[in-house]
Amino acid sequence: MARIYAFGGGKGGSGKSFVSANLGVMLAKQGKKVVLIDLDLGAPNLHTMVGLNDPKKGLNTFLNKSVKDLSLTALPTEIPNLYVITSTRCSLEVGNLFYAQKLKIIRAIWQLPADYVLLDLGAGTTYNILDFFLASHQGLSVFTPEPTSIQNTVQFIKAVYLRKLKHILKQHAFSTIAKEVAYESDDGVVRSPLDIVDRVMRNDPSRAKLLREELHRLKFKLILNQYRRHIDETFGNKIEKICNRHFYAQFQFLGNIAYNDRVYESIMARKIFVAKYPYTPTSTDLKNVANDMVGNKVQESTPKEKHAQI
Ligand SMILES: Nc1ncnc2c1ncn2[C@@H]1O[C@H](COP(=O)(O)OP(=O)(O)OP(=O)(O)O)[C@@H](O)[C@H]1O
Ligand SMILES: [Mg+2]
């Protein structure tokens, strides 16, 4: 079974597609079979980042049964071992999935014959996005140093956490009062997630341990993209610490990915960034994050400025 990674993070434009596409390339270059799936269903554009245009098959041809097996919709890219699954157009159907269609896609993703499957999610906290995130083995949040991005990332993490809490309450026989307390978070202002969980635990102490353990299984990896040199280098670690203090889940900061004007150039040229500009600090950052993501501990130092193509 493939290892599934989901890239989410609330804010539009933080770099979820850029980071997932380029990490996919890095993993494919290590000889792993990688499938990138564009689950930004209303606005797919991942295929453009890897130089493909006008896909003839995709998620919607799988949903309408013209293609039986999701793996048959995987499009090869210029990078050996790297495939992309997208939608053939921004169809209303695929942009607004029914529950059964979402389950069909999730089941098919689990069966894909690959080493790694990377899910590129859209911005926001709709149930589809949260459920695709939770269906992965590992969720990654891509954020930038801007306060608006931090704000949306925290909102995204809270939403994933509360969605997970509700899945747990559904799966296990919690008392009615404990469930009511959890659902109160839907009304008005969401209190702190820890507060909600603590209230559930107080109202059903017999299941407090189970709840804490289930939530602790939720692992988030954090990636700070568009990092600029004047920003505190430990910023990501600080966010990791705060999240670990405020949620029962596990947070790990994977690293900074440097801002680089050449990203724009590669997108304009419809070329894969790490293939076009391999000797930049941004490509080195992506390589290090790819290694950390899959548990390879090799770290490369950022190339010196004179060698860098920036
Ligand atoms: N490290 C970077 N350096 C410079 N520019 C970047 C970097 N990462 C992303 N960008 C820029 O940010 C833009 C948005 O990136 P991307 O499309 O990957 O974001 P996204 O999170 O997928 O957005 P959406 O939520 O709309 O899907 C890109 O077009 C690119 O120009
Ligand atoms: Mg995107």
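Helix 1 (16-29), strand 7 (219-227) and helix 12 (262-268) each contribute at least two residues to the shell around ligand 1. The model is predicted, so local features need pLDDT of at least 70 and side-chain atom pairs count only at pLDDT 80 or more, while totals for chains, interfaces and linings use all residues. Residues are numbered from 1 along each chain as its sequence is written, and chains are lettered from A and ligands numbered from 1 in the order in which they are written.

The shell of ligand 1 holds 19 residues, and the closest are Gly12, Gly15, Ser17, Phe18 and Val263. A residue belongs to such a shell if its C-beta atom, placed from the backbone, lies within 6 Å of the molecule. By class, seven of the shell residues are nonpolar, ten are polar and two are charged. In this scheme Ala, Val, Leu, Ile, Met, Phe, Trp, Tyr, Cys and Pro count as nonpolar, Asp, Glu, Lys and Arg as charged, and the others, Gly among them, as polar.

Eight strands form an open sheet with mixed pairing, in the order 3-4-2-5-1-6-7-8. Its edges are strand 3 (75-76) and strand 8 (250-258), each with a single partner strand, so one side of each has no neighbour in the sheet. Two strands are taken as paired if DSSP finds at least two bridges between them.

Within the sheet, strand 2 (residues 34-39) pairs in the parallel sense with strand 4 (residues 82-85) over four bridges. Strand 2 is also joined to strand 5 (residues 116-121) by six bridges, and these two run parallel.

Strand 2 is largely enclosed by the rest of the structure, because six of its six residues are buried. A residue is called buried if 20 or more other C-beta atoms lie within 10 Å of its own, exposed if 12 or fewer do, and partly exposed in between, with C-beta atoms placed from the backbone. The cover extends to both faces of strand 2: Val34, Leu36 and Asp38 are buried on one side, and Val35, Ile37 and Leu39 on the other.

Strand 6 (residues 138-143) is mostly covered, with five of its six residues buried. Strand 6 pairs with strand 1 (residues 3-8) in the parallel sense over four bridges. Five bridges join strand 6 to strand 7, and these strands also run parallel.

The table lists bridge partners from these pairings.

| Residue | Partner | Strand of the partner |
|---|---|---|
| Val34 | Leu82 | strand 4 |
| Gly8 | Ser141 | strand 6 |

**Helix packing**

The axes of helix 8 (residues 176-183) and helix 9 (residues 193-203) come within 8 Å and cross at roughly 165°. Helix 8 is therefore roughly antiparallel to helix 9. Axes are lines fitted to C-alpha atoms, for helices over the stretch in contact, and angles run from 0 to 180 degrees between N-to-C directions. Angles under 35 degrees count as roughly parallel, over 145 as roughly antiparallel, 65 to 115 as roughly perpendicular and the rest as oblique. The crossing of helix 8 and helix 9 is right-handed, where right-handed means that the near helix is turned clockwise from the far one by less than a right angle, and left-handed that it is turned anticlockwise.

**Individual residues**

Asp54 is not a glycine but has a positive phi of about 50°. Asp54 is placed in the loop between helix 2 (46-49) and helix 3 (59-63) and is exposed, with 7 other C-beta atoms within 10 Å. Gln226, also not a glycine, has a positive phi of about 60°. Gln226 lies in strand 7 and counts as buried, with 23 C-beta neighbours inside 10 Å.

Leu286 sits in helix 14 (residues 281-293) and is buried, with 26 other C-beta atoms within 10 Å. Between Leu286 and Asn244 there are 42 residues of sequence separation and 24 Å in space, C-alpha to C-alpha. Leu134 belongs to helix 6 (residues 127-134) and counts as partly exposed, with 16 C-beta neighbours inside 10 Å. Leu134 and Val25 are 109 residues apart in sequence and 24 Å apart in space, C-alpha to C-alpha.
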